[in-house]
Amino acid sequence: MTGRKHQIVMPGVRLRTPYQPSNAERRSLLYIDLSLESPSSYLVLSLLAMLAASFVQQAGEELPRSKDGSISTDSDPAVPDSSKKRPHSAKPQGACVHCKSLKVRCQFTPGHTKCDRCEAGKHDCAPRTRKKRKAAPTQEDLQLRSREQDQQIQSLLSQFDRLKVEAKVNEWVRRAETTVNVGGLVGRPVRPATCHYYSSLKGPLQVDLSPYNPDFARLPMLLRADILKPYEVLDLFILFYERINPFFSLFDDELHFPGRLMWTSHLLFDVICACASRHYSRRPGLFSLLMDIAQDAASEALISGQKSVETVQAFLLLAVYPVPQKKWTDCRSWLLAGVAIRLAQELELDKMPRGDDERENFNRIRTWMNCFSIDKSYAAQFGKMHMVSLDDHVVRSSVRTWYKMSPSVNTPYDIAICGHAEMLHLLAKFRHEVGFCDILKQRYIEGFDVVGQAIYFDKQFVDLSQWWYAALHADPNYNVCPVIRFRAHKFHLVSAYMRLSVLSIGFQYAIKKGITRENYLLQHSITVAQAAIQTVIDQIYPSGFLSWAVEANFLYMAFCASFLLNLLRPKFLPLLTTEQCASVVGLVQSLIEILSSEDVALDRRHAPALYSKFLSNLLEKYLTPRMRANASLKQVSEQENPAQSQQEPTPLDYYSWPDTNVHIASPKPLGAEYTNAASSAPYEDRNHVARQMIGEPDMDFSLTHFVESTHSDSMDATSTATPAPEYTLEELQQLIATPPGFGDTNWLRSIFGDT
């Protein structure tokens, strides 16, 4: 019982749970709280309770009770008046609204309902009322409010997009007004190029450009904004099919004519007009404007998720005919080609079509063939991985038969598409077999036979190119149409370039161990490179179509010419005869003149102009004015080796293609660190032998390194570099007649100094 607290209440008093006594109960001594220490405390408590009840009865005052019988303390006389509830007073509780705003109390005059301050200021003395609380919104209300806000945001964004579109269109219209139609042809005339008759392009383009036309909003932006007239659109399409489509045969004029594309694919409509406008001399300056519109349409197509064969074709065309950029790193050809290939795969163009429309089926196959070719070509140029499998079913099963399956549907250019695809397939197999440049170096150190693989694939290229040569010359259109003959000549250029790209890789690693004049790689590399340039000079350039070629064709020419110029280095001079030196210089000079001529280069940013400048700088490295004045290539015999005398040595600390910034720094003769020791032994005959020397920069003949070198920012430095010391014809003849031994670099120091 120790420490326990007991509560005693008078009988009939209602208890609370837990019980908390009121102030009235405490004052009326009805509540007794005792802490007792013995069991007898219960008796004491009972007696006290009886005495309290007797005292209440004797006083004659019975406590009032509530309806349930409990005691009520409201009318208890023992409870003071301050604890009782006051009757409602007319005076408002708290300050009124006006006084509350002033943060003061209300002062009332007896008998007035308004406070003194409100009466004096003639304000409405309104008591403050508690604001009603709003019910919490339900989940349905919140969702409805969220949807309304989303609609409002979407409406504002749509208005903002419309404002941006209107601003762009206004800017395009303003720029279009500056490209005034000169009323005739300026510069090179557009001559009829093909014998193929495009019936779908006959007659004027019938289109209603009235704003009241119900289909006016469905027209392309070029027509709605009056940037192009209908007759100009027809001119651009004719120009495209006669001058661009022969180089990049992607379209069928029965499907891709302006009267159809203006309703089915605005993107392809804009891209075709943009590509052709670069050669449209009637409105100078139209190309940049239309290309901006085409690129904007391409971005909108990606955002909106358009998927169609025409969308794939538009991205392929943008990849092959890109906007000229100041830097090679800004080129987006690889990105655009990747978008086109990915869209084509989502549309299942890589599978044989099963539709009922034969022309549309052929259109799908033709598009996929071009996707395959661009993928393999750009992978070699940019050093990227292939997006399309080498074991592609469409290419593997139909490359030699598809171009002649339906004479009524096949175009005359389909045969060249198939031949190009199969040649690129073989080039991709070679890259897959030997690996990329960084992997190939390690594999070569481990004993991989790069030279043997290059020779093996070159022989395969010879067999494959001869098969397609025969097929192209057997085409009935070869003797009828000049474009078909041109494409056959271009196939010679492409096949020679592909062979050289394989042979140059083998040459790059063969030179590490030493090669002679009779080396297979050397002789065949010179032969195919000279054949490629000779084809350009004799067949391609006289056709008048060269300025319309895709940029890759100019790359092939420049690569072949650069390889030949590289052989004019002092260390490679023993490998060349006098006739070969004279032929190299003459061919390269002729090619430079062709690429820089106004008949080919549209402007200084055009690809042939850039490659012409690169080749000129590379040629000037070896042919100085003093050397040209000392002797003529055609007037001296082979024993005097005059062509070699015209070369200007290259300083050891200066790099140009195919040099890299990696030096051969091994103290041993080059080749001794490789596992194939048999081939690293020196040749017994040191005459007409070339080998990579210690301290020289390593070489990279890959196409990727060549593209980077030609487009690098430091490309122009070759023309302003400090020239090496010039030597007379007799001095260089003496150096060439007595070639140095392996590992001996003193003869280089005697020419260049202690650099």
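How many of the 25 residues of α13 are buried? Before I answer, let me say that this is a predicted model, in which local features need pLDDT of at least 70 and side-chain atom pairs count only at pLDDT 80 or more, while totals for chains, interfaces and linings use all residues. Residues are numbered from 1 along each chain as its sequence is written, and side-chain values use heavy atoms, with hydrogens and water left out.

The answer is that 21 of the 25 residues of α13 are buried, where buried means under 20% relative accessible area, with a 1.4 Å probe and protein chains only. Helices here are DSSP runs of H or I with at least four residues, numbered from the N terminus. Helix α13 covers residues 358–382 and reaches 36 Å from its first C-alpha to its last, close to the 36 Å expected, the expected span being 1.5 Å times one less than the number of residues. At its N-terminal end, α13 is capped by Asp 357, which has a side-chain oxygen 3.2 Å from the backbone nitrogen of Arg 359, and after the helix comes Gly 383, with a positive phi near 65 degrees.

Let me turn to a loop residue, His 256, which sits between α7 (230–243) and α8 (258–264). His 256 counts as buried because its relative accessibility is 0%. Its side chain makes a polar contact with the side chain of Gln 313 at 2.9 Å, a polar contact being a pair of N or O atoms within 3.5 Å, of which, within protein, one must be able to donate a hydrogen and the other to accept it, and residues adjacent in sequence count only if both atoms are side-chain atoms. Leaving aside neighbours within four places in sequence, the residues in contact with His 256 (heavy atoms within 4.5 Å) include Phe 237, Tyr 241 and Asn 363.

Now to the helix pairs. The axes of α15 (residues 414–434) and α17 (residues 450–473) come within 11 Å and cross at roughly 175 degrees, with axes taken as lines fitted to C-alpha atoms over the stretch in contact, and angles running from 0 to 180 degrees between N-to-C directions. These two helices are therefore roughly antiparallel, a term used for angles over 145 degrees. Among the residues of α15 that meet α17 are Met 423 and Phe 430, and those on the α17 side include Phe 457 and Trp 468.

Finally, α21 and α22 (residues 607–620) pack at about 150 degrees with their axes 8 Å apart, and are therefore also roughly antiparallel.

How values were computed: Buried < 20%, exposed > 50% of the residue type's maximum accessible area, 1.4 Å probe, protein only. Parallel < 35°, antiparallel > 145°, perpendicular 65-115°, else oblique.
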